[in-house]
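Have the viewer open and follow along.

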Amino acid sequence: MKKSHLKSPDLYPILQKDRTITSLGFSFMWVGMVVVLATFAIGGAGVMTLPLPVVILATVIGCIAIGFFISLIADIGIEHGLSFPVYMRAPFGTIGTHIPSVTRGVTASMWFGINTYFGSTAMNGILDILFGFDNWFVCYLIFAVVQLVNTALGIKSIERFADLAAPIILLISIWMYLSLSDTAASEGRDVWSWAQDPVSGGAAFTAFLVVIFSNMGFWATLGADIPSISRFIKAPVNEKNWFKRNKVSLWGNMVAMPLTQTFMIIIGAVSYIAVLNSDPVAALQKSASGIILAILLLMIVLAQWSTNTAANVVPAATIFSNVGGPKFPFWAGVITAGIVGSVVQPWNLFDVIIPFLLVVGGILSAIVGILFADYYLLRKRRVNVPQLYEDFGQYRYSGGVNLAGFLAWIIGATASYFTKDYGFLVGFLAGAAIYYVLAKYWWFKKYRQAEIEDPSDEKYLGISVGRDWVIDDYETGAEK
């Protein structure tokens, strides 16, 4: 019997015994993931108009808020062991999933290219200091290959690297902060009160909101495809309480991420205050030299590596593997992500790509809203998982497409685009509300959903009732 295009071992639900990410491991993954140039840029942009304490408050609010949204969607992976592109077959259809998923996959690949370029400039700086070697493009190629190999070796390899890198990143970050603060002080600028062009009243409140939603919009992309990572998180079996079941996820998303993101925002802000440039590589090269500079630059290299493997290459490779089917394994998706991220030449289009990707992040916020409405409001966390892998099952809908999902995405994404400063919230609310109405009162009247018609815990829940979803390669999926 012919194997279904939807069935690939790399995309099957992760079994409980194969979930290896702990609270500490997930927290360390976050430590690496937040150290990217765009994070520093948010801090630098913030202190153009607001003093650093206000920027910190806005960052904490934005991070805790987006951390909760990420945790909500992460339950898809924790409860059922499903990746992002596979679950997307429910709100978008078995074929329709490819369009929004590939949008996210290409976005993640482009972030990979940007972060690899950022890391390669730091690597080049280290080699120049130590050996007099100066060729950033060779560094880019080497750095890209090393990261892709690390990712292709699997989630355990990624977690092990994060465990190694995170403590080093934190220690060097503190050193970096102290170094940049000294530079700012020598310029006569107090890092805790200085603002380039301070504003007050309504303008200050608007600037405050922009910092909040910049942090939220920045992580909207991971908010959509967090199941591709969270399906590897350890969780208690037979635990019905949502908060207890998602303890590891909540700790990482709402404690480790806000703390680390805020500290990196501070470094970006202090970097801008010190040399009027939020890029700490440029700032450090002006304020440090020799072996000290090499050690500080090492943090940038380790952080880009840790960020790319978990936040960019894993989601992108999973998505590309989903599009390619059984003959296109995860490692092939990893290579594809590397090629796509490099073909766009982030070193030439740096100033164009980041604003573009932040807009795309807002557009993807509508998908987060759709996932929330589909998983929590309509299916109430119950999913007919075996049917997600059937070509002609309940998620095929009309020619493999769920029109309710596409209409909600188009409208939500458009609303997000025209409200850029608050794009995440607008996109999320519009996507969720429109999808809920269209699906409940139109689409699911035409295409009945078994888990909505019969919301049985025993039939349609996963780890909270002790179930591993096991998919048969050829016949209709089975469960045990």
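Phe-92 and Trp-409 are both buried in this predicted model. The two rings make an edge-to-face aromatic pair, 6.2 Å centre to centre with 90° between the planes. That pair ties together distant parts of the chain: Phe-92 belongs to helix H5 (residues 89–92) and Trp-409 to helix H18 (residues 403–417), 317 residues apart.

- Trp-442 comes out at 31%, so it lands in the partly exposed class, between 20% and 50%.
- The count of aromatic pairs comes to 28.
- One aromatic cluster brings together Phe-69, Tyr-87, Phe-372, Tyr-375, Tyr-376, Phe-424 and Phe-428.

**Charges over rings**

- Arg-89 puts its charged end over the ring of Tyr-389, 5.4 Å from the ring's centre.
- Arg-467 does something along those lines with Trp-469, lying over its face at 4.6 Å from the ring centre.

**The nonpolar core**

- How many residues are in the largest nonpolar core? It has 156, and the ones with the most contacts inside it are Phe-26, Met-29, Trp-30, Ile-169, Trp-219 and Tyr-435.
- Helix H15 is the top contributor to this core, giving 18 residues.
- Take Met-29 as a case to click on: leaving aside residues up to four places away in sequence, Met-29 touches Ile-21, Ile-155, Ile-158, Ala-162, Ile-229, Ser-306 and Ala-310.

**Helix H16**

- H16 covers residues 330–343, so to speak a 14-residue stretch. From first C-alpha to last, H16 reaches 20 Å, close to the 20 Å expected at 1.5 Å a residue.
- Its buried residues are Phe-330, Ala-332, Gly-333, Val-334, Ala-337, Gly-338, Gly-341 and Ser-342.
- When you look at that list, keep in mind that an α-helix has 3.6 residues a turn, so residues three or four places apart point the same way.
- What covers the buried residues of H16? The cover includes helix H6 (98–131), helix H7 (136–152) and helix H15 (290–324). H15 is also the helix that gives the most to the core described above.
- After H16 comes Gln-345, with a positive phi near 50°.

How values were computed. Residues numbered from 1 in each chain as written. Predicted model: local features only at pLDDT ≥ 70, side-chain atom pairs only at ≥ 80, totals over all residues. Heavy atoms only, no water. Helix = DSSP H or I, 4+ residues; strand = E, 2+ residues; numbered from the N terminus. Expected span 1.5 Å × (residues − 1). Buried < 20%, exposed > 50% of the residue type's maximum accessible area, 1.4 Å probe, protein only. Contact = heavy atoms within 4.5 Å. Core = buried A, V, L, I, M, F, W, Y, C linked by side-chain atoms within 4.5 Å. Phe/Tyr/Trp six-rings, centres within 6.5 Å; stacked < 30°, edge-to-face > 60°. Lys NZ or Arg CZ within 6 Å of the ring centre and 35° of its normal.
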